[in-house]
Amino acid sequence: MTTEYRRLDIKPVGDVTVVRFRDHKIIEDINIQELGQELFQLVETDGCDRLLLDFSAVDFLSSAALGKLITLDKKMKAHGGTLKLANIRPEIYEVFAITRLNRLFDIRQDEADALAAF
Amino acid sequence: MPTSKTNWTWQLDRTIPSELVVGRKLLDELLAKLESLKWNRHDIFSVHLAVDEALTNAIVHGNKSDAEKQVRFSCRVSPDVVRVEIVDEGGGFDPHALPDPTAPDRLECPCGRGVMLMRSFMSHVEFHKHGCHIVLEKKRS
């Protein structure tokens, strides 16, 4: 994997690609577009089929960011891959719960918990 | 529900162009004020989320990001309540006719959660003028 990623820190752990968001606030439209492109590239170009999104640095995200995650989830499923989310702080988890997206996404407490679940 | 006797200790009234970056600067002013008044993290997060969704609705969906159209942004803060009003110049919509984004057949739609999030995270939400005028209130926890 030689692609430069501006919005993401990528860390392979076994056959799982752990992705940590660099932005603390995922809210600006241009950033969300770039973020989406980078995530989609991981799946469609780099062939990552086990993806863990680490939200430990994220303290805010807008509903537009949720939309990108939904699209990512669809792409993962289309490619036969598995997506998990981890380290989501309580306020942001509340957003997933209110929107029932906690039923769509596999959300785990932390990285270790998520990696064990793959 | 705040009345004319509500003790507003801070207010901000601006008319801005239909640019999200401009609207978010006003929102940052409001959030900084709430932080200075020691509002708790959850309340500030709630106001941030709901008002950002309302700004997006007004600027992007209402005014179609048209530079010719303006948005009126007003906020008031009292010791116990924050009130935000946003008015756009768009064609309006029926906030009561929105599909449920949590319905199984809509869960995977990438859009359509903004109004739901506003209603969930604020204490009170009102729509006027066919959806072009929104009032958001949050009672301090």
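Ser56(A) counts as partly exposed because it has 13 C-beta neighbours inside 10 Å; a residue is buried with 20 or more other C-beta atoms within 10 Å of its own, exposed with 12 or fewer, and partly exposed in between, the C-beta atoms being placed from the backbone. The model is predicted: local features need pLDDT of at least 70 and side-chain atom pairs count only at pLDDT 80 or more, while totals for chains, interfaces and linings use all residues. Residues are numbered from 1 along each chain as its sequence is written, and chains are lettered from A and ligands numbered from 1 in the order in which they are written.

Ser56(A) belongs to the loop that joins strand 4 (50–54) and strand 5 (60–61) of chain A; helices (H or I, at least four residues) and strands (E, at least two) are DSSP runs numbered from the N terminus. Apart from neighbours within four places in sequence, Ser56(A) is in contact with Arg20(A) and Asn87(A), contact being C-beta atoms, placed from the backbone, within 7 Å.

Where chains A and B meet, chain A supplies 16 residues and chain B 17 residues. On the side of chain A, helix 2 (63–78) and helix 3 (90–98) each give two or more residues, and the largest share, 6 residues, comes from helix 2 of chain A.

In chain B, helix 3 (residues 114–121) has Gly114(B), Val115(B), Leu117(B), Met118(B) and Phe121(B) buried. These residues lie on the same side of the helix because they cover an arc of only 160° around the axis, taken from the directions from the helix axis to the C-beta atoms. Their cover includes helix 2 and helix 3 of chain A, together with helix 2 (41–62), strand 4 (124–128) and strand 5 (133–139) of chain B.

Key: Contact = placed C-beta atoms within 7 Å.
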